[in-house]
Amino acid sequence: GGGGGGASQPASGGGGGGGEGQTALHIACESGRWRVVEALLTAPSKVAPPPLLRHYVEMPMQSTGATAVAIASKAGCEECVKLLLQKGGADPNAPATGWYGAMPIFFAAQNGHDGVVRLLLSAGSLAHPRLKKLKKTKKEKETTKKEAKKKEPSKTTETNSNHISPQPKAVLSAVEQTAEQAATLLGTQSLLAGVTPLFVACEGGHTTTVETLLSQKAVRSGINMKRAHDGRTALHAVCGNGGRSRRSSSRGGSNSEGQGQPIDAQGPIVALLLSKGAKSDQEDKAGDTPLIVAARGLDTYAANALLSAAFNDDSSDAVASMIAHSNHRGDTALHAVIGAVVDATSSSGQSVPGKRALKVGIAMAQGFLKAGGNAAASVTNKDGLSAYDSAVAARVPELLKVFSQNNDASEL
């Protein structure tokens with residue numbers, strides 16, 4: 001919502017910002033108060049004279065470089081975005097310079113704000129931009145070299161963190177990230193390089209947003225584009241969701257397609273990606289296919305969608321080949337399932353999560369073997385262990401029972 005509310009007073013003359021470099025417009029967009037945004041865009045000269053209106057609208061936050069339209073996109077306020085684009089003449093492709101050059105469409109796609117994504121696309125937003133690795137200035141590089149020579153690690157770490165431009169520690173709620181993403185802001189900036197709006201929409205399980213993005217030719221053409229640091233594609237992203245969409249709550253917000261996702265958000269997205277040209281056999285830098293990623297996350301929905309598509313398009317042989325495919329460690333999808341079950345049960349034991357993981361893992365292992373994955377049970381990894389050997393070593397009776405029920409696998 002966030003339509004009404006009292007007018008927000010500028011922090012200083014001329015719509016000046018607060019301690020984080022925020023203007024009144026930034027604050028109004030962050031809270032979704034579109035009536036305040038409208039008032040600021042049509043206010044008399046004290047806020048922004050007509051010749052300076054565009055400059056005011058495009059003014060970035062000091063901490064992140066995000067403009068008002070990026071903040072409103074993140075918040076999912078369609079009215080705010082519409083006002084900024086139509087009345088304020090906001091640039092739909094304005095990059096947040098302190099956040100890998102992310103354009104507003106990234107923030108909307110990441111949070112499943114499909115209405116905002118549509119508004120941005122209709123206003124000329126690029127549909128398939130990629131996040132970039134931040135580059136340090138010459139002065140920052142020189143400072144880093146000087147600090148590296150010092151023999152005081154604590155001081156060096158503190159100084160270096162202050163020289164990653166621009167101030168990543170001061171990222172505001174307007175462009176807040178998940179814990180994983182926030183961790184990449186210091187020292188490991190390349191982790192998000194190459195990420196696209198489609199990637200983050202898939203990762204979040206935002207089905208409608210994925211559909212909207214795939215309606216764009218540029219997105220379909222780059223559907224198999226890889227993230228720089230690990231070589232994962234959008235298909236890997238949804239298969240590696242780890243059930244995130246299954247845990248999403250039904251918090252309010254009519255503009256947020258991402259809230260209250262159905263239990264099976266991954267399956268439809270996997271099927272949609274495959275129908276638009278995504279490659280199910282594409283490996284990441286570790287040699288993992290989307291099926292191995294799904295197996296490691298015990299994601300039955302994604303795994304079923306991948307195997308169903310392979311069976312429909314090819315044959316049972318193609319399904320068996322997919323299950324028997326091994327990564328650079330020699331692990332197959334069966335190895336991945338067993339490893340995931342062992343990890344879950346060893347950490348959660350007889351708790352509800354542990355029991356659930358065991359139940360899902362058993363079902364996945366049974367499904368892989370019945371789908372023609374007997375050959376996968378004999379594939380040995382770099383430790384010389386087959387999937388059956390791994391099940392024996394795991395000492396989980398329920399897993400061994402799965403293999404004993406399958407004659408071919410238990411005789412290996």
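**Ser125 and the helices**

Reply: Happy to! Leaving out residues up to four places away in sequence, Ser125 touches Pro92, Asn93, Ile105 and Leu120. Ser125 sits in the loop between α7 and α8 (138-149). Please keep in mind that this is a predicted model.

Me: Why is Ser125 called buried?

Reply: The relative accessible area of Ser125 is 8%. Buried means under 20%, so Ser125, at 8%, counts as buried.

Me: What makes helix α15 largely enclosed by the rest of the structure?

Reply: Helix α15 covers residues 266-275, and seven of its ten residues are buried, so the rest of the structure largely encloses it. The buried ones are Gln266, Gly267, Ile269, Val270, Leu272, Leu273 and Leu274. After α15 comes Gly277, which has a positive phi, near 110°.

Me: How do you know that helix α12 is mostly covered?

Reply: Six of the eight residues of α12 (residues 207-214) are buried. They are Thr207, Thr209, Val210, Thr212, Leu213 and Leu214.

Me: And what covers the buried residues of α12?

Reply: The cover includes α6 (104-110), α7 (114-122), α11 (197-203), α13 (217-221) and α15.

Me: Why is α21 called roughly antiparallel to α22?

Reply: The axes of α21 (residues 387-394) and α22 (residues 397-404) come within 8 Å and cross at roughly 150°. Angles over 145 degrees count as roughly antiparallel, so α21 is roughly antiparallel to α22. Their crossing is left-handed.

Me: Stepping back, what does the secondary structure of the protein chain come to, and how much of the chain counts as buried?

Reply: The protein chain has 23 helices and zero strands. Of its 412 residues, 50% count as buried. The chain exposes about 18800 Å², with carbon and sulfur atoms supplying 51% of that area.

Me: What share of the contacts between residues at least 6 apart in sequence join residues at least 24 apart?

Reply: Among those contacts in the protein chain, the share is 71%.

Definitions and conventions. Residues numbered from 1 in each chain as written. Predicted model: local features only at pLDDT ≥ 70, side-chain atom pairs only at ≥ 80, totals over all residues. Heavy atoms only, no water. Buried < 20%, exposed > 50% of the residue type's maximum accessible area, 1.4 Å probe, protein only. Helix = DSSP H or I, 4+ residues; strand = E, 2+ residues; numbered from the N terminus. Axes fitted to C-alpha atoms, helices over the stretch in contact; angles between N-to-C directions. Parallel < 35°, antiparallel > 145°, perpendicular 65-115°, else oblique. Left-handed = near helix turned anticlockwise from the far one by under 90°. Contact = heavy atoms within 4.5 Å. Areas by Shrake-Rupley, 256 points an atom, 1.4 Å probe, with all protein chains shown as cover.
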